[in-house]
Structure formats: C-alpha cells, structure tokens
Amino acid sequence: MSESKRAAGRLAADLVESGTIVGLGTGSTVFFVLERLSERIREEGLTIQGVPTSVDTETKAGTFGIPLATLDEVSAIDMTIDGADEIDGGYQMIKGGGGALLREKVVASLSSRMVIVIGADKVVERLGTTFDLPVEVVPFARSVVQRRIEALGGAPTLRTDKENSRAAYLTDNGNEILDVHFEAGIADASGLERALAEIPGVVESGLFIGLAHDMVVGQEDGSAELSSKARQ
Ligand code: 5RP
C-alpha cells in the first residue's frame, strides 16, 4: 500500500518548479510529497513557499524544512498536490478521510493546477461506493443536519476521536464530521454537493468537483503514471 503512495507522491513532487507557491495537501500520500520536496530543497536548491492545508501538514512540512506561507501572505497558488479517498473518470473526488476537507477545498479553489496523488485502489467508477462522504458540520447544528442528510438518502455517522471513541472527532476548525453512507453510491455528485451546501450548519462537504486537473496514480511495484483531465 505505501509503495504506491510513495511512487505517486515522489513523481508529483518532481513536477514542482522553483519560485512557485505550492499548496500542500494532507494525508499519508502527501507525506511522500513533503519528503521529496525536502530532498529537492536540499539537493537542488529548489525554492518554494508551501501553503499547508492542515495543522498536521504544517507540522510535518516544518520538520522537513519546507518554507511556509499563509493565505494572508499569498493570494494565488501555482500548484496544489493533495491526496483523495476516491476519484472517478471525470476527476470528481471524495476527500476528507483525514478531516482536512475545508482547508483543502479553500486551497484547491485558489490553485491554477491541482495534482492528485493516489494509489490505484482510489480510482472508482462511481463515487461513494468504497468510501463514505465526509461532511464538516457545526456542532450546534449536528442533529438538524443529520436529519436533512437522511432526507437526501444518506446514512450519516458521527466521526469519533481516534483516542476516545466516546468523543466526537474535531477538525482543525473546531467542527465535527459526519461520514455519510450512500447505499448505491452517489449518482449525481454535483447535485449532491449543491444540496449539502444549502443545509444551514453544513460547513463543507468532501465532494470536490471540477477542482482536479491531473492525477498521479502509483502502483505497488513502485511505478507511477501522470494523467491529465481532458479540457472541455
Ligand atoms: C484528508 C484527505 C486526504 O487527502 C485523503 O484522506 C487521502 O489520504 P491518504 O493519502 O492518507 O490516503 O482528503 O482530508
């Protein structure tokens, strides 16, 4: 499993050009991106500024010696490299397995190019068939949002803290996450993204539509391949 992630992460990090601002996604595949960027900074003198999408990535990037910037300091991002939980043939994605969906979507929305790094197991025919959809919600509104999501055909489960299963997991923004199961997967991802956004109390959903430009798919044999979305 980690060999495919490593291969994808390293190839994507090699696409980064000196003098650019790079959005740094979150997760175990992005770890290998950070590792390779750090190598390139030391060995080639690569100069970049990274914009982290989570506290976890900020900490790891700092340890790797990657110079960082905040959204107060930059207004546009040249390239973002991030993982995904599922991606389909139209480059629509489910993200948020690591809980960083809100900051990831903000950073993606500012990026000229978004490159997704994944192992081959993340490519699906239909979203929602192998992974439940994370939805970030304001704690105050959780029960209301749960009922509204049920009315849309989803079965939400409150994500719990890894260390204390009786406590709700909290995002970097102090919100909770509902992981929503759709029995037959998600037929209309754009429509569902809009419907969720209309529910008061929903902060963001893990549906990423029209944001990814490229994907790097890694294999367990250590190979990786870059493909790009056809322009419409
Ligand atoms: C975090 C994410 C991650 O990109 C996604 O969960 C994939 O993670 P990993 O690379 O560890 O499989 O969306 O919010």
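A residue counts as buried when its relative accessible area is under 20%, as exposed when that value is over 50%, and as partly exposed in between. The model described here is predicted. With that cut-off, four of the five residues of strand S2 are buried, so S2 is largely enclosed by the rest of the structure. Strand S3 can be judged in the same way: five of its six residues are buried, so S3 is largely enclosed too.

## The six-stranded sheet

Strands S2 and S3 belong to an open sheet of six strands, which has the order S2-S1-S3-S6-S12-S13 and mixed pairing. Strand S2 (48–52) and strand S13 (224–228) stand at the edges of this sheet; each has a single partner strand, so one side of each is left without a neighbour in the sheet. From one strand to the next, the twist averages 20°.

Strands of a sheet pair through backbone hydrogen bonds, either parallel or antiparallel. Strands S1 and S2 run parallel and are joined by five bridges. Within this pair, Ile21 has Gln49 in S2 as its bridge partner. Strand S1 also runs parallel to S3, and three bridges join the two. Here the bridge partner of Val22 is Met79 in S3. Strand S3 (residues 77–82) is in turn joined to strand S6 (residues 111–119) by five bridges, again with the strands running parallel. In this pair, Ile81 has Val115 of S6 as its bridge partner.

Helix H2 (residues 28–44) packs on the sheet and touches strand S1 (20–24), S2, S3 and S6. The direction of helix H2 makes about 115° with that of S6.

## Two residues of helix H2

Arg36 lies in helix H2. Is Arg36 buried or exposed? Its relative accessibility is 13%, so Arg36 counts as buried. Not counting residues up to four places away in sequence, Arg36 touches Arg10, Ala13, Asp14, Glu43 and Glu44.

Glu44 is also found in helix H2. The relative accessibility of Glu44 is 47%, so Glu44 counts as partly exposed. Leaving aside neighbours within four places in sequence, Glu44 is in contact with Arg36 and Glu39. Glu44 and Ser18 are 26 residues apart in sequence, while their C-alpha atoms are 9.7 Å apart in space.

## The ligand

Which residues are closest to the ligand? The ligand is surrounded by 18 residues, of which the closest are Ser28, Thr29, Asp85, Gly96 and Lys122.

| Residue | Protein atom | Ligand atom | Distance |
|---|---|---|---|
| Gly83 | backbone N or O | oxygen | 3.4 Å |
| Gly96 | polar backbone atom | oxygen | 2.8 Å |
| Ala100 | backbone N or O | oxygen | 3.0 Å |

Taken alone, the ligand exposes 380 Å², and the protein buries 92% of that area.

## A residue with positive phi

Most residues other than glycine have a negative phi, and most peptide bonds are trans. Tyr91 has a phi near 65°, a positive value in a residue other than glycine. Where is Tyr91 found? Tyr91 is in the loop between strand S4 (86–87) and strand S5 (93–94). Its relative accessibility is 7%, so Tyr91 counts as buried.

## The four-stranded sheet

A further open sheet is formed by four strands in the order S8-S9-S7-S10, and the pairing is antiparallel. Strand S8 (155–158) and strand S10 (202–205) stand at the edges, each with a single partner strand, so one side of each has no neighbour in the sheet. Neighbouring strands of this sheet are turned by 30° against each other on average, direction ignored.

Strand S8 and strand S9 (residues 176–181) pair in the antiparallel sense over four bridges. In this pair, Thr157 stands opposite Asp179 in S9. Helix H5 (residues 142–151) packs on the sheet, touching strand S7 (133–137), S8, S9 and S10. The direction of helix H5 makes about 15° with that of S9.

Key. Residues numbered from 1 in each chain as written. Predicted model: local features only at pLDDT ≥ 70, side-chain atom pairs only at ≥ 80, totals over all residues. Heavy atoms only, no water. Buried < 20%, exposed > 50% of the residue type's maximum accessible area, 1.4 Å probe, protein only. Pairing = 2+ DSSP bridges. Axes fitted to C-alpha atoms, helices over the stretch in contact; angles between N-to-C directions. Contact = heavy atoms within 4.5 Å. Near = heavy atom within 4 Å. Polar contact = N/O pair within 3.5 Å; in protein donor to acceptor, adjacent residues only side chain to side chain. Areas by Shrake-Rupley, 256 points an atom, 1.4 Å probe, with all protein chains shown as cover.
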